[in-house]
Amino acid sequence: MTTRTAPSLRLSEVFRSIQGEGELAGTDSLFVRTVGCNLRCVWCDTPYTSHAPERGERVTVEELGERLLAEDCEHIVLTGGEPLLTPGVVPLTHALREAGRHVTIETAGTVFRPVAADLISLSPKLSNSTPAGRRAARHEATRDAPAVVARLLAEFDSQLKFVVEGPDDLPEIERWLLDHNADRSRVFLMPQARTSAEYARLAPAIRRLAEEGGFRFGPRLHVARWGDRRGV
């Protein structure tokens with residue numbers, strides 16, 4: 001007789017804060033951060049889920065669902081790392097949606113799963129994300145998955161968030177939008193910053209680039225307010 005294992009996932013952290021990015025910036029949200037990422041972005045602000053992943057807490061989908069639904073919070077955000085690496089996100093998102101929660105999934109768009117989501121927050125990785133050394137080849141081979149992106153854009157309400165360092169990134173963004181037939185009205189340009197000081201220095205220039213290019217400026221309220229801190 002085969003014993004079926006209850007679906008589970010490994011958690012880095014669960015915390016309540018404001019959504020810092022995209023069209024829901026400022027919204028009271030409950031964040032679920034999973035462990036694990038298939039990319040190695042050089043400017044990654046959550047190395048504890050990617051470059052140096054912590055073991056995390058293993059929980060069943062049922063346990064986590066009960067924990068999340070016990071909170072009086074309409075908006076739930078699955079993030080990582082890369083949350084779509086984890087099969088358990090599929091039953092979890094369906095249970096949350098059935099309970100009337102608004103589900104956002106933060107993803108780099110390299111993995112597809114049949115989740116239930118109100119918003120796919122897609123953050124494509126540009127060449128400015130590629131690290132030096134031995135991790136570069138794997139990252140470059142993985143960071144763009146056109147078939148996955150096409151399916152996510154076709155099947156879900158979505159937004160596109162590009163981490164931008166300066167004007168040299170704009171031609172690559174334009175090529176990406178053309179290659180993926182993506183709607184530029186859904187695009188946010190976000191400053192590449194990990195501290196409050198870096199954000200304050202770079203944000204005005206990125207705002208101007210967004211306005212001049214017909215994009216939306218993507219605030220990073222959590223970085224501006226708290227800098228490089230966990231659990232916010």
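Is phenylalanine 31 buried or exposed? Phenylalanine 31 is buried, at a relative accessible area of 8%. Here buried means under 20% relative accessible area, exposed means over 50%, and partly exposed is in between (1.4 Å probe, protein chains only). The views below come from a predicted model, in which local features need pLDDT of at least 70, side-chain atom pairs count only at pLDDT 80 or more, and totals for chains, interfaces and linings use all residues. Residues are numbered from 1 along each chain as its sequence is written, and side-chain values use heavy atoms, with hydrogens and water left out.

**View 1. Phenylalanine 15 and phenylalanine 31.** The whole structure holds three aromatic pairs. Rings of Phe, Tyr and Trp (its six-membered ring) pair if their centres lie within 6.5 Å; planes under 30 degrees apart count as stacked, over 60 as edge-to-face and the rest as tilted. This pair is stacked, because the ring centres of phenylalanine 15 and phenylalanine 31 are 5.1 Å apart and the planes meet at 10°. Phenylalanine 15 sits in strand S1 (residues 8-18) and phenylalanine 31 in strand S2 (residues 28-34), so the pair links distant parts of the chain, 16 residues apart. Helices (H or I, at least four residues) and strands (E, at least two) are DSSP runs, numbered from the N terminus. Phenylalanine 15 is buried too, with a relative accessible area of 8%.

**View 2. Phenylalanine 162 and tryptophan 176.** The ring centres of phenylalanine 162 and tryptophan 176 are 5.5 Å apart, with planes at 80°, so this pair is edge-to-face. Phenylalanine 162 belongs to strand S7 (residues 158-164) and tryptophan 176 to helix H5 (residues 170-179), so the pair ties together parts 14 residues apart in sequence. Both residues are buried.

View 3. Seven of the seven residues of S7 are buried. In a regular strand the side chains alternate between the two faces of the sheet. Ser158, Leu160, Phe162 and Val164 are buried on one side of S7, and Gln159, Lys161 and Val163 on the other. Two strands pair if DSSP finds at least two bridges between them. S6 and S7 run parallel, joined by three bridges. Serine 121 has glutamine 159 of S7 as its bridge partner. S7 and S8 also pair in the parallel sense, over five bridges. There, phenylalanine 162 stands opposite leucine 189 in S8.

**View 4. Leucine 119.** Leucine 119 lies in strand S6 (residues 119-122). Its relative accessible area is 2%, so leucine 119 is buried. Not counting residues up to four places away in sequence, leucine 119 touches residues including Glu23, Leu24, Val103, Ile105 and Arg186. Contact means heavy atoms within 4.5 Å. Glutamate 23 is 96 residues away along the chain, with its C-alpha atom 10.0 Å from that of leucine 119.

**View 5. Helix H6.** H6 (residues 196-213) has 18 residues and should span 26 Å at 1.5 Å a residue; its end C-alpha atoms are 25 Å apart, which agrees. The expected span is 1.5 Å times one less than the number of residues. H6 bends by about 40° at leucine 202, and proline 204 follows within four residues. The bend is the angle between axes fitted to the seven residues ending at a residue and the seven starting there. Tyr199, Leu202, Ala203, Ile206, Leu209 and Ala210 are buried. Their cover includes S7, H5 and strand S8 (187-191). Just after H6, glycine 214 takes a positive phi of about 75°.
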